[in-house]
Amino acid sequence: MDVHSASQRFLGLTARRWRTGAVPGPLAQMLLVAVGYYAAARVGFAFTLQPNPISTLWPPNALLLAVLLLAPARAWWWLLAAALPAHLLIELQSGVPTAMVLGWYASNCSEALIGAALVRAFAPGPLRLDSLRKAGLFLLCAVLAAPLLSSFFDAALVRLIGWGESEYWDLVQRRFASNVLAELTVGPLILTWATFSSARLRAATPARYAEAALIFGGLFAVCLVAFDLPQIDARAAPALFYAPLPFLLWAAVRLGTPGAASAIALLTVATIGGAVSGLGPFTDRTAEDTAREMQLFLIAASVPMLLLAVALEERSRAEREAHEQRLQLTHLARVAMLGELSGGIAHELNQPLTAILSNAQAAQHFIANKTGSPQVLSEILQDIVLADLRAGEIIRRLHTLFKRGETQFRPLDMNTVVGEVLDIARGDLATRSVDVRRHLGESIPAVSGDRVELQQVLLNLVVNASEAMSAGTAPGRRVLTVCTGTEAGMVKVSVIDSGPGFPAEQHERMFEAFYTTKAQGLGLGLSISRAIVRVHNGHLWGEANPGGGASFHVTLPAA
Amino acid sequence: MSSAQVSVIDDDAAVLRSVGRLLQAAGYAVQTFSSSQDFLTHPGGGAPGCIVMDLSMPGMGGLDLQQALAKKADRRPVVFISGQGSIATSVAAMKAGAIDFLTKPFDASRLLGAVSAAIERDLSSRGAQRERAAVEGRLASLTPREREVLEMVAAGKLNKQIAAALGTAEKTVKVHRARMMRKMQVDSLAGLIRTWTSIQPPSASSA
């Protein structure tokens, strides 16, 4: 029960992003660890260059370390225990004394524990390689410190039990190099894919899949040629090392950390696989030298690629967050503005409701008095239908303004947008006794923009003008003029009021966030409007009219 | 009552048409106007009736139109209909003499009730107006001396006191008084006092 609930919490932490609902239970997880460990050990044996007794790449320890990094500390003991049967199964086949087999299990577990504890001390919670800080921490603790410290322990055990004839320092050095490479290859692969959101896979376009296929196909082909063919000219070898780099870079830049980790794994498998089969550029020396050369080459190639991918992902996440924040703020300001407009909107909705009610009750009277001709009654019904449609249209428009959506660029006719905005503001303008005049230019080119966001900009200008006039202008002199036209290849919309205008020192200040002269304003309207217009590659500015009042102009490039 | 004339003013065409129809269905003669300016150019007002108007309209709003009508001495009662009535505006409207202030959408019975009350008030105020005009006509037919006598009688003076004040014989005062009573079409002192006070303006200005 305890194990079960611990595992549930562990899965809640680590597998929140798997979202598939098919979360493996604790036994299934232990089985996964055991199977993974067994497979990883098989790979390790396959990557051993005979007669060199130590594998070029020993992945089981890296697998254990990655699993611990994803799990809460209280689950560590049973996850490590799960690896023991697999360890015994594979090692006892190779004729190694039982003491040595158990010793290696201890040193393998020590590597995983040292690395996981060090990383966890500085980065609590399941590790995600999503920032340079965490990637650096992973490299220092899991890739460098854990293999180093555990190798002292491991070599000491080997010497103590008396297995083989290698020197102590030689053992330390070779085991260290092998495990560094394994941590570098297997760790990021498991960490990035375990925390990868399946939503991102589903959201990927076919073009994206094609690009990924091209990258991995290309990398595979290049690796085949560079590392898995019989070597022809030894002097060409250094040049061959650079052949996979473009594909590694490509993967790091375009496919994120899971892509980069997968590409690094593919390169490692191809390089060591080739050398083990006696192919590729590393074959003209002793097994020990070959292993060292390959390890150095792969470590040197992997570290920068991994860091590059993490740095790019960190930046793109920051950009996404900034974008998301802008959307949120824009929506917030829009909702706040609609709140200010609520009186006018209620007025606008009450008009068709009044028409419907009065028409229906007039019809009741006509019918009760037997004075209504069928023609009058049919006119009444027609008016009721129209008023109902009008109310529905107001609600539909409000709904799109209240909704939070992604910015979508579409060809837009600004005259239509102006009409929609004046419709929404009509109630507000009427209750403030503002006279609206439209001077809409003919044959204005379309602009490319987000309908709701541009409505928000113009609505903000109209509401500001309306409020300014109702606060500082006599009712008969409140005139709002909206003009559209073209100017120097840009579509220009001007909102001109006959209000009190603004003093010169506010000319730019009013576009600052949280600057407001209204009693109940957030002071966000104009600053957000300017940000929206900027995203549309346009300009928004205000000026005082020579004859009093203020004008605000929006220019947007013609689509 | 069907001769009563109701003028409806609203900038919203659909509302204007439907309210006009409702009043027509109730048997009123209805005129509709889409703006205050439109109404002011053809105000009508000869026949008894009332005005139903929107509070918030572009250009001249309802409260301003109410003031403009008061300045023109158009005394037709006003019923306001409003899509968004704040307490402040409804108080202002009622203080300026509106009959009722209905918030849109309103039930027909409320509008028809308000309109019928408004027309009743118009009829009674028109009756009082006529009565007052008649009394004022009679008053105008008095000679200056008869008028002096009237004022002193109304002030409660005896014939003897009036004669002393005017420096004439008490008999002459009696003749003036009798002629004055006849011209004012009253046959008792009480009747005279009632008629006299009915035309005294509340703010007894002497202009």
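Between which two helices of chain B does the loop that holds B:Gln185 lie? B:Gln185 sits in the loop that links helix H8 (170–183) and helix H9 (189–198) of chain B; helices here are DSSP runs of H or I with at least four residues, strands are runs of E with at least two, and both are numbered from the N terminus. Its phi is near 55 degrees, a positive value in a residue other than glycine. B:Gln185 has 12 C-beta neighbours inside 10 Å and so counts as exposed. The cut-offs go like this: a residue is buried if 20 or more other C-beta atoms lie within 10 Å of its own, exposed if 12 or fewer, and partly exposed in between, with C-beta atoms placed from the backbone.

All of this comes from a predicted model, in which local features need pLDDT of at least 70 and side-chain atom pairs count only at pLDDT 80 or more, while totals for chains, interfaces and linings use all residues. Residues are numbered from 1 along each chain as its sequence is written, and chains are lettered from A and ligands numbered from 1 in the order in which they are written.

On confidence, the model scores ipTM 0.76 and pTM 0.64. Chain A has a mean pLDDT (the predictor's confidence in each residue, from 0 to 100) of 86, with 92% of its residues at 70 or more. Within chain B, helix H4 (residues 87–95) has the lowest confidence, at a mean of 82, and H1(B) the highest, at 94.

Chain B is built from nine helices and five strands. Read from the N terminus, its elements go β-α-β-α-β-α-β-α-β-α-α-α-α-α. Of its 207 residues, 36% count as buried. Among chain B contacts between residues at least 6 apart in sequence, 59% join residues at least 24 apart.

Strand S4 (residues 78–82) of chain B is mostly covered, with five of its five residues buried. In a regular strand, side chains alternate between the two faces of the sheet. In S4(B) both faces are covered: B:Val78, B:Phe80 and B:Ser82 are buried on one side, and B:Val79 and B:Ile81 on the other. Strand S3 (residues 49–54) of chain B runs parallel to S4(B) and is joined to it by four bridges; strands count as paired if DSSP finds at least two bridges between them. One detail of that pairing is B:Ile51, whose bridge partner in S4(B) is B:Val78. Leaving out residues up to four places away in sequence, B:Phe80 touches B:Met53, B:Leu55, B:Gly62, B:Ala93, B:Ala98, B:Phe101 and B:Leu102.

B:Phe80 also turns up in the largest nonpolar core, which has 90 residues; those with the most contacts inside it are A:Leu458, A:Val462, B:Val52, B:Val79, B:Phe80 and B:Val115. Such a core is a set of buried Ala, Val, Leu, Ile, Met, Phe, Trp, Tyr and Cys residues joined through C-beta atoms within 7 Å. Helix H17 (residues 451–472) of chain A supplies the largest share of this core, ten residues. At least three residues come from each of domain 3 (341–403) and domain 4 (406–559) of chain A, with bounds taken from an automatic or database domain assignment. A second, separate core of 84 residues includes A:Leu65, A:Leu68, A:Ala116 and A:Phe247.

Where the chains meet, 23 residues of chain B are in contact with 30 residues of chain A. Helix H1 (residues 13–25) of chain B gives the most to chain B's side, with eight residues. By class, that side has eleven nonpolar, six polar and six charged residues; Ala, Val, Leu, Ile, Met, Phe, Trp, Tyr, Cys and Pro count as nonpolar, Asp, Glu, Lys and Arg as charged, and the others, Gly among them, as polar.

The peptide bond from B:Lys104 to B:Pro105 is cis, with omega near -10 degrees, and B:Pro105 lies in the loop between strand S5 (100–103) and helix H5 (108–140) of chain B. A:Lys370 has a positive phi near 55 degrees and is exposed, with 6 other C-beta atoms within 10 Å.

How values were computed
Contact = placed C-beta atoms within 7 Å.
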